[in-house]
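Please open the structure in your viewer and keep the selection tool at hand. The stops below say what to select next and what is to be found there.

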Amino acid sequence: MDWNPLLVTHVVAALYALVIGPVNIFRRRRDRTHRALGVVWAGAMYYVCVSSFWIVTDGHYSWLHGLSAFTILTVTVGILAAARGNVRAHRGNMIGSYLGLLAAFGFAATVPSRAIPRLLVTDPLTALLAATFVLGSVAVLYLTLKPRRRRRRPTLRFERASS
């Protein structure tokens with residue numbers, strides 16, 4: 001399959017999900033930043049899964065399409081669990097969905113006949129630019145959402161003396 005807009009957006013969304021996933025999993029705080037990154041991650045995951053049904057080889061679905069259907073279910077269950085306050089179910093479904101994404105990416109990136117390995121061989125600069133763009137834009141998104149710590153205003157000596 002040649003690169004087309006559907007395949008390009010599918011791969012870029014998958015890269016976003018690959019990068020945002022560990023950021024949200026390994027952050028200590030579960031706050032507004034976690035929720036905002038989670039919304040972007042879930043949206044990317046839904047796009048990757050749904051778009052995969054239009055990406056077929058020789059008109060046939062593969063096990064990856066079954067993984068897509070299952071991932072739509074697990075991401076949805078994870079979101080519902082978070083909304084209900086069930087942290088354990090939320091964590092399990094989201095981490096499981098991320099591990100499924102890693103498996104799919106591992107397959108897509110290592111099978112020589114797939115589009116990503118061919119791109120790496122024929123046009124590595126494009127692959128590098130795409131990866132740099134995704135990493136940079138996720139960093140900007142994270143830094144934009146990251147809560148800023150309030151710095152305490154230092155107390156001057158003469159203010160303490162007059163109190």
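Which side chains meet in a salt bridge? Select D31 and R27, whose side chains meet at 3.0 Å, N to O, a salt bridge being a side-chain nitrogen of Lys or Arg within 4 Å of a carboxyl oxygen of Asp or Glu. A search of the whole structure finds 1 salt bridge. D31 counts as buried at 11% relative accessibility, and R27 is buried too, with a relative accessible area of 11%; buried means under 20% relative accessible area, exposed over 50%, and partly exposed in between (1.4 Å probe, protein chains only).

Before moving on, note that this is a predicted model, in which local features need pLDDT of at least 70 and side-chain atom pairs count only at pLDDT 80 or more, while totals for chains, interfaces and linings use all residues. Residues are numbered from 1 along each chain as its sequence is written, and side-chain values use heavy atoms, with hydrogens and water left out.

Next, select helix α3, which spans residues 63-83; helices (H or I, at least four residues) and strands (E, at least two) are DSSP runs, numbered from the N terminus. T71 in this helix is buried, with a relative accessible area of 5%. Leaving aside its neighbours within four places in sequence, T71 is in contact (heavy atoms within 4.5 Å) with M45, C49 and S97. F70 is also placed in helix α3, and together with L73 and V77 it forms a nonpolar patch on the surface, with about 280 Å² of accessible area. Patches are made of residues with over 30% relative accessible area and no salt bridge, like charges being joined within 9 Å and nonpolar side chains (Val, Leu, Ile, Met, Phe, Trp, Tyr) within 5 Å; accessible areas come from the Shrake-Rupley method with a 1.4 Å probe, and for residues only the protein chains shown count as cover.

From there, go to helix α4, residues 87-110. G96 lies in α4 and counts as partly exposed at 38% relative accessibility; its C-alpha is 7.8 Å from that of T74, 22 residues apart in sequence. L102, also found in α4, is partly exposed at 37%, and L102 and A14, 88 residues apart in sequence, are 9.6 Å apart from C-alpha to C-alpha.

Which residues of helix α5 are buried? In α5, residues 115-122, they are A115, I116, P117 and L119, and these buried residues pack against α1 (5-26), α4 and α6. Select I116, which counts as buried at 17% relative accessibility. Neighbours within four places in sequence aside, I116 is in contact with W3, V11, F105, A108 and A109. The C-alpha atoms of I116 and W3 are separated by 9.7 Å, although the two residues are 113 residues apart along the chain.

In helix α6, select L135, which is partly exposed with a relative accessible area of 49%. L135 and L15 are 120 residues apart in sequence and 8.6 Å apart in space, C-alpha to C-alpha.

For the last stop, select R149 in the loop between α6 (124-145) and α7 (157-162). R149 is exposed, with a relative accessible area of 74%. With R32, R35, K146 and R148, R149 forms a positive surface patch, where Lys and Arg count as positive and Asp and Glu as negative, His and the chain ends not being counted. The place of a charge is taken as NZ of Lys, CZ of Arg, CG of Asp or CD of Glu.
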